[in-house]
Amino acid sequence: GGGGPGGGGGRGGDCTLRPVLRAGRGPCWRRDWSAVSPKKSTLCVLHAVPPITLGHLENSDSTLHPSGAPLKVCPQGFSCCTVEMEEKLSQQSHTEIKAPVSRLSTNLQSTFRQRHDHFDKFFRELLKNAELSLHNMFVRTYGMMYVQNAELFKNFFEALTRYYVSGGAAVNLDSMLSDFWADLLERMFRLVNVQYEFSDAYMECVSRHTEQLQPFGDVPRKLRIQLTRAFVAARTFVKGLTLMPDVVNKVSTVSASPSCVRAAMKMLYCPYCSGQVELKPCQNYCLNVLRGCLANQADLDTEWNNFLDAMLSLAERLEGPFNFESVMDPIDVKISEAIMNMQENSMQVSQKVFQGCGQPKPSVAFRSKRSIKDTGFNGRFRPYSPDARPTTAAGTSLDRLTTDVKKKLKHAKKFWSTLPETVCAGERIEPGDECWNGTAKSRYESVVIANGLANQGLNPDVEVDITKPDTVIRSQIAALKEMTSWLKAAHSGNDISVDNDEETSGDEGSGSGCNPDNSDSPSCNEDDIYFSTPPNPGKAEVPVLAKDRSNGGVASQGGMALALCGLALALLAPHLR
């Protein structure tokens, strides 16, 4: 019950809150008023359940007595509420205004946490499948020769996994790939030149010039570009999916201001106090209240949309030229192709090394064990005939994952600026003129204020201090802006992110491939480079010449090398069967 003008002294009845249980909809509150105003014979009986429930109000005395004390929020005059009740309803308003926003935010967090988990699981399983596929194929193809060198490939995949997880802070991808090919060349060079002894200094000379020698053909250069682009795109995209729910979660912790709570109380519960429980707020009135309450959140929208656009662009790259799946799935075949190139070019490679690093000493142990007469030349490594490719990782494919996530990303655009429209819709508001305008049942005359903190100085329903932006919101705007720059760089195949606040040692990040503007970039040089013979054959450091000008003497050396290589391969033949 409430007191009207002049009705502060008497008790014409009481107002009671009692819980009513409705099937499938949980507890709600129905309020029955039996108070009659001293000056009016108005019976205040509210029999309908409100669309926004009051919830459990902690009131030891649920009987509300008529009071003539002026209310702080609701319009003065006849009222079924006391000042104390109005205070409790204000507290409830805080929960009510936050509930729909919290629900929408929770749904958004859940959606993108799931997508993050799907992508991350898929990429990790692809890496495991690729390693297993290479192991099985190389055991069949190269036998013991692979088994004895399997740790090289195991380390290769471990480094790729560390780069995917931690980026350039853990692994310099360019350096790791260069070391892998140099190590592989060293091992293969010893195998095809088993008739010689090589010192560590000699093999360092070989390794230092792997790229100039190009023993594996164009495979290392192409694979470096493909791996860098695919890994940078994949891990940056997954980081973006990690950031989204994190931003939403932190923004959802921002509390409503006292002026927002008062405005919400006035919009949601003042109709009840005036005995009009079925009266809903006008739509434009609701929009102004929500835009005032969510003024800081709306300022996220610009960077949020820029971030989503960058995510969508990178998703297109993942479907096309930076496809992680299309790079990792056949990586065993690509490495095998490189090994075959080395086998086919072993004579030319050995010739260039002998010219550049010096003539090695014949192996005494080799001469004492075998002679050419005792062996038959078995030819070459067995070529690889690819079996059916393994099934896709995590029971799905990258195309299906990206198609799904692109729909979700597009749907999330303008999430923050449209929150007021999303909340002020449906059963929560009354679209016509027969609605609560903050003072009475009538048309809402005020102009709807635009979104954003800067526009709220003119908000007629919520007092907003436009000079004090929320610090949490501003920090999330900065986080989105930084992530967007990483996504745009990844779109070009570059990794500019630094993980775990660690600085990379002397590196700005991984590049996407050949840089034609950098004359020092070996990947841009397509010439067949070899080494000239140094004055002192024992010295490892040698100058590099631009073209191969081989003569008849060199050709005769190549003939001898060919015979010796045949012998080396014959020795390995028992391992290859």
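This is a predicted model: local features need pLDDT of at least 70, side-chain atom pairs count only at pLDDT 80 or more; totals for chains, interfaces and linings use all residues.
Okay, so let's start with the count. Searching the whole structure turns up five disulfides. I'll walk through some of them, including the one between Cys-260 and Cys-293, where the S to S distance is 2.0 Å. The torsion about that S-S bond is 110°, and the link is right-handed. Cys-260 sits in helix H8, residues 258-268, and Cys-293 in helix H10, residues 283-293, so this bond ties together parts 33 residues apart in sequence. Are these two cysteines buried or exposed? Both Cys-260 and Cys-293 are buried.

Next up, Cys-282 and Cys-435. Their sulfur atoms are 1.9 Å apart, and they form a disulfide. Here the S-S torsion comes out at about 90°, so this one is right-handed. Where do the partners sit? Cys-282 is in the loop between helix H9 (270-273) and H10, while Cys-435 is in the loop between helix H18 (419-423) and helix H19 (471-491), so the pair ties together parts that are 153 residues apart in sequence. On accessibility, Cys-282 is buried at 3% relative accessible area, and Cys-435 is buried at 1%.

Then there's Cys-286 with Cys-424, joined by a disulfide with S to S at 2.0 Å. Cys-286 belongs to helix H10 and Cys-424 to the loop between H18 and H19, so to speak distant parts of the chain, 138 residues apart. Cys-286 and Cys-424 are both buried.

That's it from me; over to you.

How values were computed. Residues are numbered from 1 along each chain as its sequence is written. Side-chain values use heavy atoms; hydrogens and water are left out. A disulfide is a pair of cysteine sulfur atoms within 2.5 Å. Helices (H or I, at least four residues) and strands (E, at least two) are DSSP runs, numbered from the N terminus. Buried means under 20% relative accessible area, exposed over 50%, partly exposed in between (1.4 Å probe, protein chains only).
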